[in-house]
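Welcome, and please load the model in your viewer. Could you keep a selection panel open while we walk through it together?

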Amino acid sequence: MDVVLISPGKSKENWVYIFMRYVENASSLSLKLNIPFRFYSIAVFNAILSSFQITFLPEFQLVCIFLLIVCRVNPETLLFFVIIVLCTSVYAIPDPILRAASLDYPSIYTKGYSFVRLLDLLVVLLFLYALPKIRSCIIGGNVVLLYGVFFVSMFSLLFNSFFGVSDYGYFFFAVRNILIAAAFLLMLTRLSPDRIPSILVFSMFCWICKMLSMIILPSDNVIEREIFGVPWKIFFAGDEYLSFMLICAAVLQIGCFFYRVDKLKRICYLMCFFALVLALVSQRKGAVPYFLFSFIMIFCFGRGFVCRVFFSLALIVYSLVIFVFSGLAFELLPSGLMSSLTEYHLLYESAVSSLKHIINASPFLSFFGVGPAGLYEVFNLPLEADHIFSFGVEVGERYRYAIWTLPLDRLFLNSGIVGVVLVAFYVLLALSRGAGSAYVYISFSIIPLFGFYGLTPVSSIFVGFALYALMVQKTLEVSVQEAQ
């Protein structure tokens, strides 16, 4: 198979072309991306432009997407433009204290009018555009159990509206994320499955361009860090790289039916390495365990039984590490590590006390939860742990939405014991299927979507790709068997 990474046109001296040629040569990738060079150029230009304080840029981007829909451009072109806008725009200010000044960096994520953000308008627009394909997007199998979690959460939401304390802002935030994932799932059904890995690799390229622009270009009202001893203000929140593992999982899960697995792995390793370097330059220390686990997932994909079991155990440990060290094993830790985790331990004790109160106060709430908009009464939370990094705007409030350090904590609050049991069965079925590491990680990653918790608009984009990977897997497997 010939190597055709990009269509460079005439501008072969452009640095973007050189970068993508380096990716091609480093990975020896037999992957025909066939992405027109103009898309790379627009991505770089938009990544730089969105770092400046251009107040009308988000509206201009929204109007452009609307015109593309009205002009009935082909779905792939539309999807590329949507990816460019969403993956090169400022998502959040990294310092929570300064997030009130989000309009200092207007983007389609941060800018809005009254209670409606431009992102809400874009989501509704894309969902309505893709809605005619909804009949072809029914996902069966193990995911049926997650439909049960969804309906239990909705039932709890209705009940808690009459008998509990609710804040529907959290619910509508979750609904927006569901619509984002659904819109992308529906849009992807208009494309050929072999084009999806190309789009996912392109989305990682967009995020890398955005991270570079955040580092190179000076910023206001953000955290000041030092780069090689030089004070520098970096507008880098972390959300820019926190979907790379899911993107790589989707690339491997879909791409393995069309391309050589070793070539897919190389491009995933390379993109994750670039993102890790940029994150470390920005002193995002949390990127180290995240990308280490990403490399483990990529390494284990396509390997034998031992690697599958190892990754499944590693995923469970990775999910429970904060719970174990801040709770169960806290007293056994060395004094230095114990002091650094003291705040998490206080949050753990408060979460345990609060959930015990719910269980003892009402059997109904124990079984069905308080719903996605429900607030719980917080207990035993010392003042030193009740600060902006723990609960944001909820500091000092008696009833809270956020809860920390317990596994499946918000899932239990949203859907109770019933929801947790359904998810436990779903996880067991996913692990027992004997599928690869990418399938296992994708299966875990979609749980928050149905449980109305734990997603951001950025992560919801790629949960839509993950749902598509699960949906087409059966069809692709049958096609491969018939071809053989």
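A pocket here is an open set of grid points with protein on both sides within 12 Å along at least five of seven lines, and its volume is the space filled by probe spheres set on the points. Keep in mind as we go that this is a predicted model.

Select Tyr 147, Ile 178, Ala 182, Leu 185 and Phe 450, the closest to the centre of the second largest pocket among the 17 residues that line it. This pocket has a volume of about 470 Å³. Next, colour helix H6 (143-163), H7 and helix H19 (447-451), which each give two or more residues to its lining. H7 supplies the largest share, six residues. By class, the lining divides into 17 nonpolar residues, no polar and no charged.

Now show side chains for the lining itself: Leu 86, Leu 119, Leu 122, Val 123, Leu 126, Ile 180, Phe 184, Pro 457 and Ile 461. About 50 Å³ of space lies inside. Which helix gives the most to this lining? H5 does, with four residues. The lining holds nine nonpolar residues, no polar and no charged.

**Stop three: the surface.** Finish by selecting Phe 305, Val 306, Val 309, Leu 313 and Ile 316, a nonpolar surface patch with about 480 Å² of accessible area together. Centre on Val 309, in helix H12 (residues 305-328). Val 309 counts as partly exposed because its relative accessible area is 33%, between the 20% and 50% cut-offs.

Terms used
Residues are numbered from 1 along each chain as its sequence is written. This is a predicted model: local features need pLDDT of at least 70, side-chain atom pairs count only at pLDDT 80 or more; totals for chains, interfaces and linings use all residues. Side-chain values use heavy atoms; hydrogens and water are left out. On a 1 Å grid over the protein atoms alone, a cavity is a set of points where a 1.4 Å probe fits but cannot get out, and a pocket is an open set with protein on both sides within 12 Å along at least five of seven lines; lining residues have an atom within 4 Å of a point. Ala, Val, Leu, Ile, Met, Phe, Trp, Tyr, Cys and Pro count as nonpolar, Asp, Glu, Lys and Arg as charged, and the others, Gly among them, as polar. Patches are made of residues with over 30% relative accessible area and no salt bridge: like charges are joined within 9 Å, nonpolar side chains (Val, Leu, Ile, Met, Phe, Trp, Tyr) within 5 Å. Accessible areas come from the Shrake-Rupley method with a 1.4 Å probe; for residues, only the protein chains shown count as cover. A salt bridge is a side-chain nitrogen of Lys or Arg within 4 Å of a carboxyl oxygen of Asp or Glu. Buried means under 20% relative accessible area, exposed over 50%, partly exposed in between (1.4 Å probe, protein chains only).
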